Amino acid sequence: MEGRPTDGDLFARAQRGNEAAYEEIVQRYQQVAFRTAYVITGSAAEAEDAAQEGFVKAYRALATFRPGAEPRPWLLRIVANEARNRVRSAGRRHQLELRVAERFRPGDAAPSPEAAAVAAEDHTWLLGLVNQLSDEDRLVISSRYLLELSGEETAAALGIPEGTVKSRLSRALARLRRRVEEGAGA
Amino acid sequence: MPEAADLEQRLVLLRAEIDWPATPELAGRVRARIAASAPAPARRPWFQHRWALAAVAVLVVLAALIAYTPSREAIASWINLHTIFTRVNQLPTPSPLPSGPLGKRLGLGDPTTLDQAQSKVSWHIVVPASLGRPDEVYVQLPPEGPPQGEVTLVYKSRPGLKTAGETGVAVLITEANGTVDTQMFGKMLGEGTTLEEVAVNGHKGYWISGQPHIFFFIDASGQFRMETMRLATNTLIIDDNGTVIRIEGDLTKTQALEIAASLS
C-alpha cells in the first residue's frame, strides 16, 4: 500500500530544492500556522500575510532544519515571529474576536434543544471571557487549548522558553478562573 | 465553584466550537513565490549567506592579524586557521598588539563600567566570582546590539588562563536577553565543532568545542539573531531563563563550567 510521504521525507526533499515537496509541507501546516498567526495578530488579513511570509522565510531557512526534528514547532516559530513583527510594526494588536460557530446539525442526536442552547450559551460566554483576557493570558490559553499546541509549540508560538510556558499558563488559567467565578456568582 | 480540571475541560470542549476564519490556500502561493524569487531551487542560500558573513569576518580578523605579524613565517602559520585557533600556545612569539582597549578592537560596543552597564539593561548582569571583576566592560545597544542590548565582560590573561589567539583576551562573557534555539545554531556550527548539552546550576548549557564562528539565538523581540564568535574558541552557552550567556575562551570544559558555576 502506498502511504503518503512522511514529514521527514518531505523535508529531506525540500532541503534538496524540491519545491513540490515544500508545497506539500505548506499544505499540511497552513491551517495551524494561519490560526496561530490569527491568534497573535487578531486579524485574518494580517494572519494570512504573516503565514505566507513565514512559509517563504522557512523555505529559505530549510538548511537549518535538523533532520528528524519536529516540523511543527520549527515552522510555528518562524510564522509566529512574522506575526509578532507585524503586530509590533503596526504598533497595536487587533482585538481578537473568536466566535462560537452557529451550527445546524440535522443528524445530531442532541440531548434536547434546551440542553444544546445552554451548552452554546456557555461556550459563547466562556469564549467572551477568554477574549477579554490580557494579550499574554489570551495567547497562552488560546495556543494550548484552542489551537491544541504542545508545550514546545506554544513556546515557539509565544517566542518564550518552553520552561516558561507552564507557569505562564497556570497564572493565565487562575485569572480566567477568577473571571469565571465572578461571572457565575453575578 | 469550578475545579481546575473543570475549567480546562470546558476549554477543551470550547475548542470544537470555535468559528475560525477560513484558512487561505497558501501552498500554491508560497510555491509560486519561492519559484519566482529563488535562482533555481534555493539551495541553502540562507546557509551560504551566513557562512559568507562568517568568512568575511574571518578574513577581516586575518587581515588585521597579518598587519601586525612581524615575519613571513608567522603569516604562513596564521593562514592555517586550525593552527591559529586550536594551538595558540604553540604559535611563535606573539606580535605586538595594537594599542587601545582590548574589547574595542573586538567590536564589543562602547566601553563602560559594570554599574553603568547595569543601568542600561533590564536583566541582572552576572559576574563570575571565580574570575572576579572584569578588566573591561562593554555595552552594545540597538541598532548594533540586540533589542535590549548586550553586555560583554572582558578578562585579560591571568595565571591559569591563556590568552585566546593574539586578541590579548583570555575570556569573554557576553550576556543578552533571549533564548537558545539549538535547532538553529547546532546546524550552523560547521565541521570540526561538537555540541554537547551540559547543566549549569540547573540551567541548560551547551558546550561547543572546536572553532565555532557564529552563533544564533532568539532575541528579546523573538527574532533570530546571528552573532560572530569573537574568539572562535571553545564556547559555553547558557540559557539562563531568558538571558543567554556566552563564555568564550581558550578554556577546557572543566574551566568553562567552573566559571559558569560561579556566575552570580
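**Entry 1: a helix pair in chain A.** I started with the crossing of α1(A) and α2(A), which is left-handed; that label applies if the near helix is turned anticlockwise from the far one by less than a right angle. This is a predicted model, with pLDDT of at least 70 needed for local features and 80 or more for side-chain atom pairs, while totals for chains, interfaces and linings use all residues. Residues are numbered from 1 along each chain as its sequence is written, and chains are lettered from A in the order in which they are written.

I looked up the geometry next: α1 (residues 7-15) and α2 (residues 19-41) of chain A pack at about 135°, their axes 7 Å apart. Helices here are DSSP runs (H or I, at least four residues), and axes are lines fitted to C-alpha atoms over the stretch in contact, with angles from 0 to 180 degrees between N-to-C directions. The pair is therefore oblique, the class left over after under 35 degrees (roughly parallel), over 145 (roughly antiparallel) and 65 to 115 (roughly perpendicular).

Which residues make the contact? I found Leu10(A), Phe11(A), Arg13(A) and Ala14(A) on α1(A), and Ala21(A), Tyr22(A), Glu24(A) and Ile25(A) on α2(A); contact means C-beta atoms, placed from the backbone, within 7 Å.

**Entry 2: α4(A).** Gly91(A) follows α4(A), with a positive phi near 80°.

**Entry 3: between the chains.** I noted 43 residues from chain B and 45 residues from chain A in the contact. On the chain B side, α2(B) gives the largest share, eight residues.

Notes:
Contact = placed C-beta atoms within 7 Å. Helix = DSSP H or I, 4+ residues; strand = E, 2+ residues; numbered from the N terminus.
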